[in-house]
Amino acid sequence: MTTPSRLLADVHLSEQHPARTALFLQVLGNQAAASTAVYLLGDIFDIWLGDDDTRPLAVSVATGLRALTTRGVPVYWLAGNRDFLLGPQFGAQTGVQLLPDPVCLDLHGTPTWLSHGDQFCVDDPAYQAFRHKVRNPAWQQEFLAKPLAERQKIAQGYRADSQYEQTLKPEAILDVNRTAIDALWTQSPARRLIHGHTHRPALHVTTLADASMATRYVLPAWEATQGYALAVDTQRVWLETYTA
């Protein structure tokens with residue numbers, strides 16, 4: 001058995017959940033340190049206001065990631081819908097390598113798509129319009145030019161609006177769209193996808209039109225005192241659970 005890689009998503013680190021932050025840092029120093037590589041598939045932070053954020057939470061996580069990469073463990077980050085403003089300054093500070101979303105790579109001998117997952121939720125046009133707006137480089141440049149306190153106030157407003165709107169939306173549109181997923185399989189021979197975002201952990205196996213089997217792993221979101229990672233090696237895939 002080879003040393004596995006570990007994939008995490010939707011940790012949602014915030015000042016309101018110190019036990020979760022402590023558990024994440026513990027995982028970085030233990031299980032993650034015993035990995036071939038670590039892939040962070042977005043929404044590791046509940047809100048990321050920019051690489052100039054020097055709050056204690058940001059500093060402690062950056063320090064933990066720097067310690068991990070200094071030990072020689074590659075760490076890769078795909079932006080989520082909460083931490084899409086994470087940029088090259090953070091990468092230089094921590095040694096974390098930023099990846100596009102989606103990205104197709106060789107994961108222990110198996111071609112694999114990695115994604116945060118929100119781009120596949122196309123049945124929610126209001127969210128997709130918002131996503132398109134905030135991923136625009138001009139919007140991001142204007143937002144990041146604002147003082148940190150103003151950015152925080154704007155982000156909290158967006159968050160409150162989003163939480164309210166989700167109570168009004170049908171559950172079905174908050175999940176990925178099957179057609180959007182199927183379109184991904186046409187872009188490469190890869191037949192494995194790992195993503196987060198939906199908070200609906202599951203293993204989906206689908207037979208495609210060409211009779212090939214496609215496998216989709218949906219990662220769990222972290223809870224207040226419990227975390228998760230998908231471990232992958234050359235022979236198997238399994239879910240690890242960590243408790244504070």
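The lining of the largest cavity is made up of 9 nonpolar, no polar and 1 charged residues. Here Ala, Val, Leu, Ile, Met, Phe, Trp, Tyr, Cys and Pro count as nonpolar, Asp, Glu, Lys and Arg as charged, and the others, Gly among them, as polar. This is a predicted model, in which local features need pLDDT of at least 70 and side-chain atom pairs pLDDT 80 or more, while totals for chains, interfaces and linings use all residues. Residues are numbered from 1 along each chain as its sequence is written, and side-chain values use heavy atoms, without hydrogens and water.

A cavity is a set of points on a 1 Å grid over the protein atoms alone where a 1.4 Å probe fits but cannot get out, and lining residues have an atom within 4 Å of a point. A volume is the space filled by probe spheres set on the points, which are joined across faces, edges and corners. The structure has 1 cavity of 30 Å³ or more. Among the lining residues of the largest cavity are Arg6, Phe24 and Tyr242. Strand E1 (5-8), helix H1 (18-29) and strand E2 (38-40) each give two or more residues to this lining, and H1 gives the largest share, 3 residues.

Helices (H or I, at least four residues) and strands (E, at least two) are DSSP runs numbered from the N terminus.

| Item | Value |
|---|---|
| Space in the largest cavity | about 40 Å³ |
| Helices in the chain | 7 helices |
| Strands in the chain | 11 strands |
| C-alpha box along the principal axes | roughly 55 × 45 × 30 Å |

Terms used
1 Å grid on protein atoms, 1.4 Å probe; cavity = no way out; pocket = protein on both sides within 12 Å on 5 of 7 lines; lining within 4 Å.
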